[in-house]
Amino acid sequence: MNSIDLPKLFDLTKMSRKPGFQNGFFKKDILSVDQFDRDGLAYIFTRTDEMSEMVETVGACDLLHGYTLACVFYEPSTRTSASFIAAMERLGGNVIPITQGIQYSSVSKGESLVDTIITLEQYSDVIVLRHPEIGSVAKTAKYSGVPVINAGDGAGEHPTQALLDLYTIRKELGSLNGLRVAMVGDLRNGRTVHSLTKLLMNYDISLRLVSPDVLRLPLGMMNELIDKGIDVRETDRVEDVIKDVDVLYVTRIQKERFTDMAQYEEVKNYFEITPEVMANAKDKMVVMHPLPRVGEIHYTVDKDPRAAYFRQVKNGMYVRMALLAAVLGQA
Ligand code: NCD
């Protein structure tokens, strides 16, 4: 009989912390990237490395057995909702998914956001919430007895996306300090841009902001960057920055946030990353995108090894596993 190669087993004791250890995120709402300093980020990223190793070696474990996540999305989502569900299930927990069909919930009967969340709190240990109104997740979290994680509040913040973006940059390029990052696209409405820019302020980086004039980064954030002494410059052409960036963070023009559709039509095809554009980029750099893309990156760029957006997607599951375990006191 041929011998069978048994899979290398993951040492699960690696993931259990010392008795009495209390991480800083236990029972906390996760509403903004402002809650993460460099120590907090280092802690989450170490846990994320463990989650990734666990999934790659044994696939799943029972760390969150007996815990339930309510996943509530009042705006469309593919990656954020699916990765939170996958994260919970890979850790042995359960999910109440109110994601793709909010129209089938009592919201369509006129139930308020607060009543919906107080109801779901009765069944769950943690709630992930996405809502179109800026500030709505933070407001609702005040009424919830279980931790609420912000999965995007309109054009406000998207903290878990920023965590996975930062984790991806670190994993792809080794370190964050000294990098030049270009943010491209809808910098006014893109909540992922807002959260990632805030997180990057913790590091010694330089920023290039590339957008049409009407979609520039909000003035408040721009002032914050300047006050922090960050080397930041704005342009409306990718060609001006492509040669010397380490990270090209591309985003979609956020059609749903426009009140003037004529203005959207003017800017919707404002740029496209193609192999010709990439020919001018450094050999060691990454192209990232929170996705979905709607024409900003041509499909032929996908086979470029510098295209990191699908690796970024996978990191999203690992980061959310780490965060769920931390908030539930199991990491
Ligand atoms: C982003 C979002 O929802 O803000 N997507 C995501 O969560 N990965 C980006 C977008 O919608 O453009």
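Tutor: We start with the ligand and then turn to the rings. This is a predicted model: local features need pLDDT of at least 70, side-chain atom pairs count only at pLDDT 80 or more, and totals for chains, interfaces and linings use all residues. Residues are numbered from 1 along each chain as its sequence is written, and side-chain values use heavy atoms, without hydrogens and water.

Student: Which residues surround the ligand?

Tutor: A residue is near a molecule if one of its heavy atoms lies within 4 Å of it. Here the ligand is surrounded by T80, R130, H158, Q161, R191, T192, R252, Q254, P290, L291 and P292.

Student: How much of the ligand's accessible area does the protein cover?

Tutor: Accessible areas come from the Shrake-Rupley method with a 1.4 Å probe. The protein covers 94% of the 310 Å² that the ligand has on its own.

Student: How is a pair of aromatic rings described?

Tutor: By the distance of the centres and the angle of the planes. Rings of Phe, Tyr and Trp (its six-membered ring) pair if their centres lie within 6.5 Å; planes under 30 degrees apart count as stacked, over 60 as edge-to-face and the rest as tilted. The count here is 6 aromatic pairs. One of them is F25 with Y43, stacked at 6.3 Å centre to centre and 25° between the planes. F25 lies in the segment before helix 1 (38–58) and Y43 in helix 1, so the pair ties together parts 18 residues apart in sequence. Helices are DSSP runs (H or I, at least four residues), numbered from the N terminus.

Terms used
Helices (H or I, at least four residues) and strands (E, at least two) are DSSP runs, numbered from the N terminus.
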